[in-house]
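Colleague: I'm new to this one and would like a close look at a single part. Please walk me through the salt bridges and whatever surrounds them.

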Amino acid sequence: MTATPPPDVEGFLRLLAAEPTLLPPAPADGIGDATRRRTQDEIHSCLRCGRRAQEAFIAGTRLGPRWLDLCAACGHWLRTSAP
Ligand SMILES: [Zn+2]
């Protein structure tokens with residue numbers, strides 16, 4: 001992560017849309033299994049705060065599907081604040 005994520009969800013999602021290379025590529029199918037593997041068997045950092053990620057979202061970007069790893073708090077923040 002080269003830039004500090006903006007504090008609001010809209011700005012955060014705008015940043016990801018503008019710079020999808022911040023996110024690792026995700027598979028186009030088998031998402032359920034891949035998500036389980038990513039959240040249970042692998043260790044990733046929350047993109048927003050850097051703590052250990054506990055949730056994995058798929059972001060549709062112009063470069064294809066990408067992983068968005070978030071900790072529980074930031075996942076809650078995204079779900080409850082997304083426009
Ligand atoms: Zn977080």
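**Salt bridges and their surroundings**

Modeller: Let's start with D33 and R36, whose side chains meet in a salt bridge at 2.5 Å, N to O. By salt bridge I mean a side-chain nitrogen of Lys or Arg within 4 Å of a carboxyl oxygen of Asp or Glu. Keep in mind that this is a predicted model, where local features need pLDDT of at least 70 and side-chain atom pairs count only at pLDDT 80 or more, while totals for chains, interfaces and linings use all residues. Residues are numbered from 1 along each chain as its sequence is written, and side-chain values use heavy atoms, with hydrogens and water left out.

D33 and R36 sit 3 residues apart in helix α2, so about one helical turn separates them. (Buried is under 20% relative accessible area, exposed is over 50%, and partly exposed is in between, using a 1.4 Å probe and protein chains only.)

Now for R38, which forms a salt bridge with D69 at 2.8 Å, N to O. R38 is in helix α2 and D69 in strand β2, so this pair ties together parts 31 residues apart in sequence. Both R38 and D69 are buried. E42 joins in as well: R38, E42 and D69 are linked in a network of salt bridges.

Then there's E55, paired with R79 in a salt bridge whose closest N and O atoms are 2.6 Å apart. That pair links distant parts of the chain, with E55 in strand β1 and R79 in helix α3, 24 residues apart. In total the structure holds 4 salt bridges.

Searching the whole structure gives 1 cavity of 30 Å³ or more, a cavity being a set of points on a 1 Å grid over the protein atoms alone where a 1.4 Å probe fits but cannot get out. The largest cavity holds about 40 Å³ of space, counted as the space filled by probe spheres set on the points, which are joined across faces, edges and corners. Its lining residues (those with an atom within 4 Å of a point) include R38, E42, E55 and D69. Helix α2 (31-40) and strand β1 (55-61) are the elements giving two or more residues to that lining.

Notes
1 Å grid on protein atoms, 1.4 Å probe; cavity = no way out; pocket = protein on both sides within 12 Å on 5 of 7 lines; lining within 4 Å. Helix = DSSP H or I, 4+ residues; strand = E, 2+ residues; numbered from the N terminus.
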